[in-house]
Amino acid sequence: MPSSVAGHTGAAGSVADHTGGDRTAAPLWDHLDVTSTWVEPSNTATALLLLGRGSDPATERGVECPGDLPAPSDPDLVARAAAAKAALGDRVFVLGHHYQRDEVIQFADVTGDSFKLAREAAARPDAEYIVFCGVHFMAESADILTADSQKVVLPDLAAGCSMADMAVLSQVETAWDVLTELGVARDVVPVTYMNSSADIKGFVGRHGGVVCTSSNARRALDWAYGQGSKVLFLPDQHLGRNTAVLELGLSLDDCVLYDPHKLNGGLTPEQLRDAKMILWRGHCSVHGRFTLDSVNDVRERVPGVNVLVHPECRHEVVTAADLVGSTEYIIRAIEAAPAGSAWAVGTELNLVRRLALAHPDKQIMFLDRAVCYCSTMNRIDLPHLVWALEELVAGRVVNQITVDPDTARHARAALDQMLALPGADTPPPATV
């Protein structure tokens, strides 16, 4: 049984930091050591897609870049990025999510999880441009939390989030109509994970709900159950289920899975009336890859290994792990671990590799044997970053992310409700 489900997306700024301190003072890449025991997972047939190459214009928004990108082979890309960033000076603030490529993360002024980065942006009101090296919903949150005068730029509009896209506003409104017709909507409090679109955050705000991160999900659910007897949890079923069962003590039978592609979510009126937790059928395409077989396999191969996973993983993976927590929690747990300890980490590969290289005194490995990048996060590459920065130097704002005022107002209400939640994040163990 894991010790906790804790530790996501705290942030510095005007509101109290939930991460246990500023994670930006000593960037991980400053401590890289090639003597690490890191072994690259084996490649697969889908590696190019997972690396962010190739596209599916029928399903991905903004896959065509409105400009000429530098060639990926340009040996001057690093120098060009540095020069453009220097030319912009304090006018630009670059945010880098932990799952970004190393080639991009080296230019970030601050690194972190999605909400931490959005609040870091809000804490820099003098920055004219916020360049968000992450994915679309993160840039939306930054736009909601920053001043109207600031412009949020996403270097590649194809950097979306498959999980966020699994909850579409029209589908959620239909689900709410189903609950209303059953006469139970008045008892339901909507809770959405930070990894959701501004439209969904706005819906939750309009209906008196709250946004959560994977570190404060329990607090958000405690608050929600103080307002009503049921929760509609969007869009990640795994975080909702893991928190409800492992943190709140609900049973699996208290949870039902609402499938927006089926009539009434594929559920009977009795199931919806009896449920305490209505989970949306959504998941993270990266964390959903980890299986119980992955855990069993690594335990057989590496005696004494500590299995550390993100709460977006499947329930059977989380219950088989030793520790469970968000990206920030994972980083701090590895930092606090004793030398010589062995770790199998179930989260995005860019971060796991970076941790392994930063801690060569520990045996750190990827939980899955195969490559598992976040394909959309990997679309933010050095050519796109160079292009965006150089366009800003030339006075042209490209790929600006804006949220309409009405949606932003309601989404901000749900975000503010999250900020008002009592308590603090659970710290990782000092030793493991």
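# Notebook: a first look at the chain

I began with the secondary structure, and the chain comes to 16 helices and 14 strands, where helices (H or I, at least four residues) and strands (E, at least two) are DSSP runs numbered from the N terminus. I noted that this is a predicted model, in which local features need pLDDT of at least 70 and side-chain atom pairs count only at pLDDT 80 or more, while totals for chains, interfaces and linings use all residues. Residues are numbered from 1 along each chain as its sequence is written, and side-chain values use heavy atoms, with hydrogens and water left out.

**Confidence.** I looked up the pLDDT, the predictor's confidence in each residue from 0 to 100, and found a chain mean of 83, with 81% of the residues reaching 70 or more. Over residues 424-432 the pLDDT is below 50, and this stretch has 23 contacts in the model beyond near neighbours in sequence, a contact being heavy atoms within 4.5 Å.

**The chain as a whole.** Of the 432 residues, 59% count as buried, which is to say under 20% relative accessible area, with exposed meaning over 50% and partly exposed lying in between (1.4 Å probe, protein chains only). Among contacts between residues at least 6 apart in sequence, I found that 72% join residues at least 24 apart.

**A parallel sheet.** I then traced an open sheet of five strands, whose order is E7-E6-E8-E10-E9 with parallel pairing; two strands pair if DSSP finds at least two bridges between them. Strand E7 (210-212) and strand E9 (255-258) stand at the edges with a single partner strand each, so one side of each is left without a neighbour in the sheet. From one strand to the next the twist averages 25°, taking axes as lines fitted to C-alpha atoms, for helices over the stretch in contact, with angles from 0 to 180 degrees between N-to-C directions. Helix H8 (residues 217-227) packs on this sheet and touches E6, E7, E8 and strand E10 (277-280), its direction making about 165° with that of E6. Within the sheet, E6 and strand E8 (residues 230-234) pair in the parallel sense over five bridges, and valine 188 has lysine 230 in E8 as its bridge partner.

**Listed positions.** UniProt, in an unreviewed entry, lists residues for "binding site", including Met194 and His310; such positions are in the numbering used here, feature names are shortened, and annotations may be inferred rather than shown by experiment. I found methionine 194 in the loop between strand E6 (188-193) and helix H7 (198-206), buried at a relative accessible area of 0%. Not counting residues up to four places away in sequence, methionine 194 touches several residues, among them Ser114, Phe137 and Leu415. Histidine 310 lies in the loop between strand E11 (306-309) and helix H12 (315-320) and counts as buried at 1% relative accessibility.

Cysteine 284 sits in the loop between E10 and helix H11 (292-301), counts as buried at 12% relative accessibility, and, its neighbours within four places in sequence aside, is in contact with Met163, Asp236 and Glu312. Cysteine 374 is in the loop between strand E14 (363-366) and helix H15 (382-393) and is buried, with a relative accessible area of 14%.
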